[in-house]
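Hello, and welcome! Could you take me through this model by way of some questions and answers? Please have the sequence and the 3D view open.

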Amino acid sequence: MMDLGWYLRRLSRMGPREIVGRAVTAVRIQRWRGRLDRPASSGSDSLPDRRFAGALPDDALASVPDEARARLIATADRIMDGHADYFGITRDDLVNPDWSFDPRTGRRAQEDAYAFDIDYRNEHAVGDIKQLWEPSRHQHLTVLAAAYALSGDDRYACRVADHLKAWWAANPPLRGVHWVSGIELGIRLLSWVWVRRLLDGWSGAPGLFEDNPEALHQVWHHQRWLAAFPSRGSSANNHVIAEAAGQLAAACAFPWFAGSARWRTGAMRSLDEQLQRNTFGSGLNRELATEYHGLVLELGLAAAIEADAAGVPVPESTWLVLLRMTDALAAVVDTELQPPRQGDADDGRGLVVDGAAVDRWASLLRTGDVLFGRLPWWPAVDSDDVRTPLLAALCGPHWPAATRPAHRPPHFADAGLTILRAPHPSGEIWCRCDAGPHGFGSIAAHAHADALSVELRYDGVDVLADPGCYCYHGEPEWRSYFRSTLGHNTLELGGEDQSTSGGPFLWTRHARSRVLVAHAQPEGVSRWRAEHQGYGRRGRPTMHRRSVELDSASRELRVLDEVVSSRQHECRLAFHLGPRIAVDLEGTRALLRWTDRSRDRTAVLDLPGELTWTAHRGETDPPLGWYSAGFGRREPAVTLVGRGFAEPGTATLNTLLRFDS
């Protein structure tokens, strides 16, 4: 359980309206306890006419490219053999999974407890909650259902039916960990909608869903839960988008209850309002955590398309946000179509109907091309996917009344994010500079203490890397490290983070940054300058100012750090290298080496002489020198750390990175 101090810190970040709303929720939780032992019926408001009207058009499946079809079938066959990967753990029990078992810790969560009594953050009580929740999003079932739709092989459909029936039996409404978080219910509903759609040609589909009292019972309770317990106030981030998206999709595809119209109207309104609230005018997600930009965009597109296909009016403002998010994604990706590695990331997906090898970002851009039309400056997308033609079959192109960027925007002023590029025949240098708000809302749940950090890639290879996220619950020391200032390519003063953490998803004091110069151009010298006063405390102002120059002609990156203060500060300047980079450090010079596309590459990193430099790789006490490619996974990588002091006045530190080949 969280200690009293955490609850007080969390309460301090809420406004009066949120406090009242949470009090209402607490009362409702106690009232709903009395519903635990009600019989498993479909609910009192089920309708007699329960046809499924959301089938794909007849020609939709034929439009799926052969290569994408083959990748999907390969992934589905692996699932049929019982294998799937979740956050670095390979499960071999998916023929007949235990929905409450965590293979990472070996613990089982209690199945019959009232959901709201479960301390799901306590790994000792329930295991790793992410390992439990992820299979129960049933996105492996959408893959199997898609394999059935594309192959006609009943084996896939039968396995889907077995899993759904087993899950419904093991997880009655309001019991166990799968009924405690709205984002899980929302994504699960979206998966069920697509499972039913993709199984439409199977004779057993009606008996599995609309003619099955247990399925109706589950769908009804999922929707009732989402209507009763929405994410509120400071917690209304990507979670509330998932809740609204799942409820909207289910109320459109499964309009089988007297409450369906009310749920549909409420969910559409919430989705529209929350997409606008969670998105900057520039199109970037306000959480400033790129993986959540992808999750919100996937959820928003799936829900809006579902509503449109059902004949439900979708506000123009919803399409406009989704268009801007897609254009923003196209603007920030590198040559490999990979966006910045910024903030938290838990590999969350909105809708999965593709094989494991399909790149989510390329898929989103392909969908955006079909829906909104690609702009001339968009990067080329060469790979195919399954999801795009299926979504396109449900919804025609949309052209919101909006002025779209005539050229690829390098600077997103509202998000404080700038992309510097230096094109070259041997490979583009891509550099992200960060001086945005410290996350979204009063708690900034998915933010990292990374003000003025830089991230640099050479032809898509991480050179100066953002180390990633790695974990949420259960490993507090690792959670703290990957969120810390030292865990990013920026300057730490006094051994403290720029912002103050109050818990694993709570920041009680936020560093405030501002961009002073953002001048990016493909030829010549691009310049960026920004500052923050995260260390200016107790009436003693301290400013960290950073200037970055990227020279296309010389292929050099120059970084100038300035500390303006009336007192001396102990400082640590970190540069985290990507896992493919080998390093030879001699004094203040580091020779970087890596191989890309069978070609040897080298670069020289000249480090500030005012600091003493050491190299660290794979250290655990305390953690230092790690890279997380995805949630639950980490691997050793070299981190260069310079230690010294910034003297009173204006102290300067100069760094030069030069690419040789």
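**Contacts, helix packing and backbone**

Q: Leaving out residues up to four places away in sequence, which residues does Val-564 touch?
A: Before the list, please note that this is a predicted model, where local features need pLDDT of at least 70 and side-chain atom pairs count only at pLDDT 80 or more, while totals for chains, interfaces and linings use all residues. Residues are numbered from 1 along each chain as its sequence is written, and side-chain values use heavy atoms, without hydrogens or water. With contact meaning heavy atoms within 4.5 Å, Val-564 touches Pro-541, Thr-542, Met-543, Arg-545, Gly-649 and Thr-650.

Q: Is Val-564 buried, partly exposed or exposed?
A: Val-564 sits in strand E14, residues 556-565; strands (E, at least two residues) and helices (H or I, at least four) are DSSP runs numbered from the N terminus. Buried means under 20% relative accessible area, exposed over 50%, and partly exposed in between, with a 1.4 Å probe and protein chains only. The relative accessible area of Val-564 is 29%, so this residue is partly exposed.

Q: Which residues does Leu-144 contact, aside from neighbours within four places in sequence?
A: Leu-144 belongs to helix H6, residues 139-151, and has a relative accessibility of 0%, so it counts as buried. Its partners, beyond those sequence neighbours, are Ala-76, Ile-79, Met-80, Tyr-156, Arg-159 and Val-160.

Q: Are H3 and H7 parallel, antiparallel, perpendicular or oblique to each other?
A: Helix H3 (residues 66-80) packs against helix H7 (residues 154-170) at about 50°, with axes 11 Å apart; axes are lines fitted to C-alpha atoms, for helices over the stretch in contact, and angles run from 0 to 180 degrees between N-to-C directions. Angles under 35 degrees count as roughly parallel, over 145 as roughly antiparallel, 65 to 115 as roughly perpendicular, and the rest as oblique. The angle of about 50° therefore makes H3, relative to H7, oblique.

Q: How many charged residues are there in the contact of H3 with H7?
A: From H3 come Ile-73, Ala-76, Asp-77, Ile-79 and Met-80, which meet Arg-155, Tyr-156 and Arg-159 of H7. Here Ala, Val, Leu, Ile, Met, Phe, Trp, Tyr, Cys and Pro count as nonpolar, Asp, Glu, Lys and Arg as charged, and the others, Gly among them, as polar. The tally is five nonpolar, no polar and, for the charged class, three.

Q: What is the handedness of the crossing of H7 and H8?
A: H7 and helix H8 (residues 182-198) pack at about 145°, their axes 12 Å apart. Val-160, Leu-164, Trp-167 and Trp-168 of H7 make the contact with Arg-188, Trp-192 and Val-195 of H8. A crossing is left-handed if the near helix is turned anticlockwise from the far one by less than a right angle, and right-handed if clockwise. For H7 and H8, the crossing is left-handed.

Q: Is Arg-196 buried or exposed?
A: Arg-196 lies in helix H8. Beyond neighbours within four places in sequence, Arg-196 contacts Phe-52, Ala-205, Pro-206, Phe-209, Glu-210 and Phe-254. Since its relative accessibility is 3%, Arg-196 counts as buried.

Q: How are H11 and H13 oriented to each other?
A: Helix H11 (residues 238-253) and helix H13 (residues 290-309) have axes 9 Å apart, at an angle of about 20°. Their crossing is left-handed. With that angle, H11 and H13 are therefore roughly parallel.

Q: Which residue forms a cis peptide bond with Asp-621?
A: Most peptide bonds are trans. This cis bond has an omega of about 0°.

Q: What is phi of Ala-444?
A: Ala-444 is in the loop between strand E5 (429-434) and strand E6 (454-458), and is buried at a relative accessible area of 1%. Most residues other than glycine have a negative phi. Phi of Ala-444, a residue other than glycine, is positive, near 45°.
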